[in-house]
Amino acid sequence: MKKPVSLIFDTDIGPDYDDVGAITLLHALADSGQVNILATIASDKYAKVSQVLSVFNTYFNRPNIPIAVPKGKAVDDPDSQHWSDTIVARYPHRVKSNAEVPDAVTLYRQILAKQPDKSVTIVTVGFFTNLANLLESKPDQYSKLSGKELINQKVKQLVSMAGKFPEGREYNVYRDTEASIKALNNWPTPIIFSGFEIGEKVKTGIPLIQNKSITKSPTKDVFRISIPKAREDKNGRMSWDQTAVLVAIKGAAPYYELKPGRIVVKADGSNTWDSTKKGQFYLVEKRPATEVTAYINKLMMHQPKKKS
């Protein structure tokens, strides 16, 4: 069996709820030995974000996974469907407030410093705030390397749900445009983008909320609460973040091919693609979206392993 992927999950879990599907996939694939979750880090700092991460890590029997939030300037967008109130009230979680967890960059540096060289995959399904700050971080008690040197030494690749390809304007990029430009112009390892156009076609969650055998699941609760609130979600929620997690752990094949080049982020947060450059890739569909939809729907119904 392949060695599990060592992974840091960086998420804005809240403004949209595909992040909830993504963290569920992450734990499902961890239960089958395909990934080792090093940390779950928020790129959004609304009041309940650390508690939400703690709910999912606790539910899937990994309550000790480190959690962090950005403590400086950062997006503060809550969940517009207000599902966080329900799951925080209904499910156990160790972290009770953002004040209890460290700053995102501090945790990144602490974890990266301990990992073997070129071993870590970072998957970001939110804003680039933390990654821009990490790049600019100075040597500290965890490592004598600068942020960029530390990333270059320890990180194998970055997989990102961001952008629209070959061109467009997408929320994760424009919501903190300054950080996006900083991070994507200076990131020293390969980057794979799962663009807006990939997840837009993958609509998931209906089989989960219709599954009567699943009775107490924060994932089901979030999708049950949120899907009826938007007409566009009647066939399931678009699954941008799940595709990024899937590719980060299992690779692009068989569902996607990689188009090489580099992203160009403009001042208004829109992006184009420069195919004459190297080092970055975006996903291009290779198999019908229905196939990846079925696979993600199955993983989103994953239940925690029984404690022995």
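At 15% relative accessibility, D77 counts as buried (buried is under 20% relative accessible area, exposed over 50%, partly exposed in between, with a 1.4 Å probe and protein chains only). The model is predicted, so local features need pLDDT of at least 70 and side-chain atom pairs count only at pLDDT 80 or more, while totals for chains, interfaces and linings use all residues. Residues are numbered from 1 along each chain as its sequence is written, and side-chain values use heavy atoms, with hydrogens and water left out.

The whole structure holds 16 salt bridges, each a side-chain nitrogen of Lys or Arg within 4 Å of a carboxyl oxygen of Asp or Glu. The table gives three of these pairs.

| Pair | N to O distance |
|---|---|
| K73 and E178 | 3.5 Å |
| R175 and D77 | 2.9 Å |
| R237 and D233 | 2.7 Å |

R175 is partly exposed at 33% relative accessibility.

The salt bridge between K73 and E178 joins the loop between β3 (67-68) and α3 (83-90) to helix α8 (residues 177-186), 105 residues apart. Helices (H or I, at least four residues) and strands (E, at least two) are DSSP runs, numbered from the N terminus. K73 is exposed at 70%; E178 is partly exposed at 47%.
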